[in-house]
Amino acid sequence: MRVIRKIALLAVMSVASLAPMVAAAPNSAATVEAARETLSVSITSITPQVTRSPTDEIKFTGTVRNDTGTALGPLRVRLRYTSERFYDRASMAAYQSDQNNATLPGNVSRTSAMDIPALAVGGQATWTFTATPIQLGYRAFGVYRIAVDVSQNEVPISAQRTFLTHAPPTTPKLPRNKLAVALPVIDQPHRGSDETLFVDDKLSQSLSGKGRLADLARIAQTAPKSVTWFVEPSLLDDLKAMTKGYHVKTKNGTEGKPANDTAGTWLSTMSTALASSPVIATPYGDPDVAALAHQGLDAQPGRAIELGGQTARALLNRNAQTSINWPPAGVLDADALDLLSVSPGKVTTVLLNSTNLPPQPPVAHTPDAAATVDSVAGPIKALVADAELSRLFEPTAPTTVLLSTQRFIAETAMIAAEAGQVEPRSLVVAPSRRWDPNPTLVTSLLKTADKLPWLSLTKLESIKPSKAATPRAELTYTEQDRKEELSAKYLAPVKEVATQAQLTASVTASVAGTRTPSAFDAAVLRLTSSAWRNNTRAGRAVTKLVGTAVDERIDKIQITDAPRTLAGSNGVVPISVKNSLDKPVTLYIDVKSNDRRRLQIQPVPPDPLVIGGNQSGTLQVKMDASTSGDATVTVQLRTIDGLPYGKPERLTIRTTGYTGIALVIVGAALTVMLAAVVTRILRRRSERRLARAGKSRESETV
């Protein structure tokens, strides 16, 4: 085996000058153990990443770095390998996670090795090895163990493991599996009810530099057009609001912010980058559908799907669809599935975590991603993401782009070569929905997937159940899944705010039974976001803000609180309502006496009261009083659907009615008065006749 040895020490010092120190250093096992954690070896490149011929030259390069705080030497870097293939993915995972140097590949190359006489503190050396598949013992298509270690006196101190895939032509030809990649652009809500008031300013930080949204835009610009993007529409709304001047809530009030040009640039960049890609609009606000189904908020998911589609098509991609749903954490139960299946958006496909729909019975091979689940509306297509492939796009353990790419190649090659699999299968990659991606890694994996001969990148919607479909159990929703939902305690005030918010729209409806969108629909949906699962305190604070805004809107329609007078024992009393909204409203008014012995209310006309914007309206209510004095009535405004609007109002009615005795007295007094008037008239007439008679006698005497 030909060996290329190169040494590049970053710490410039003479090996000779270090020799005395090295010689004095003890070579005990204790020294090796002490160096284990801080003397590291890394593989930085493997070319080619996949070999296809027994004579292909494979070039390995890497580094050794000494961060022990003590100069070390002599050291030896070695290539380790085995000619035995992996036979399943489980053994691959076990090999990668094993940190025991005793289980490294058993063959140690005597020629692909490099000696380092001394390595100073902080020093780094580079190494290069070459080999061919035939030298490594590779005879057939498969995935093989490979590692590089650094040792002292033949005792491994540190090692790095990886995989090498040998892919010569096979007979029969390997099936070309379909691979669909779903990438999320999902955040948490950042606004309350006011369009320009943000509860935080995290988005502005995420848009620039190495911010999360900036990284997603970089990936979108280079990703293959077959990649399917799940975009949360309330995020687009928040960014749109930032393109104008906005305010951020602080402890002492609010802080004004200028228009954010970066937000507009991001929207434009994403719109251009995804113009030809499949875009799925998640329900607006990314609601916790399972929690809503369990807590009686059945109307919210349908409205979220509808509003989500409208928003995404207006701000990002006019072809954005809503027929595929990716639930929080990729898990749902039968109740949530039923709710989605009857939604106006017509959800026909769900994207699930592999734990939510496991194979039944368990299988040794990788199951096909496509399956079918039953809902109240009929069969629904379920696409199950491959957990290991998805984790490679979002690694949780320290790794490098090279190692992740080699693992991805190995995993997909292993799937293609699994025993008994002759039909092409479908695979789905779906990292966690609020991931923080590494653009370099994701771009590398996508480019690699696009050129591997045993993979065919495809759109998510194109994957359908086939002959290769694996029988699966029913939806598996654990007690832990239930605990992770938004709680009943959290959703109770949200439900109340949602009910009150809908009233503000109901008063503008002209036909009973029709649902008019509320000005608070978007704000309420943001309160149901699954983002609040791990931050209920922030969610409650936003709920309070929205609730206050809804109450203020309801208070814009009020009964005028002024004393009313009923003149007499019966008559009409005007009930006035002031509408401070800029649009007409339609209301019914209920009036009830609080003391029916004193005051009776006649039936109110069945016609609704229509009040123009910024105007007042009056309803004339007939009342009967049995006594004079003050009485009270309770007035309740109601929507066209009969729901109470606002709080009931207690009004005072001043009555001047008369009792029966009072009427008799008044009648008698009138009789006496009339008699006196008649007597006076008769008396005057008699006096006039006597006066005329006296004048006549006088005249005759003369």
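Helices here are DSSP runs of H or I with at least four residues, strands are runs of E with at least two, and both are numbered from the N terminus. You are looking at a predicted model, where local features need pLDDT of at least 70, side-chain atom pairs count only at pLDDT 80 or more, and totals for chains, interfaces and linings use all residues. Residues are numbered from 1 along each chain as its sequence is written, and side-chain values use heavy atoms, leaving out hydrogens and water.

Let's start with the largest pocket. On a 1 Å grid over the protein atoms alone, a pocket is an open set of points where a 1.4 Å probe fits, with protein on both sides within 12 Å along at least five of seven lines. This one holds about 880 Å³ of space, a volume being the space filled by probe spheres set on the points, which are joined across faces, edges and corners. It is lined by 27 residues (each with an atom within 4 Å of a point), and Gln-96, Gln-99, Ala-397, Pro-398 and Leu-403 are the closest to its centre. At least two lining residues come from each of β1 (39–47), α3 (89–97), β8 (155–166), α11 (387–392) and α12 (401–416), and β8 gives the largest share, five residues.

Now turn to helices α6 (residues 233–242) and α7 (residues 261–273), whose axes lie 7 Å apart at an angle of about 135 degrees. Axes are lines fitted to C-alpha atoms over the stretch in contact, and angles run from 0 to 180 degrees between N-to-C directions.
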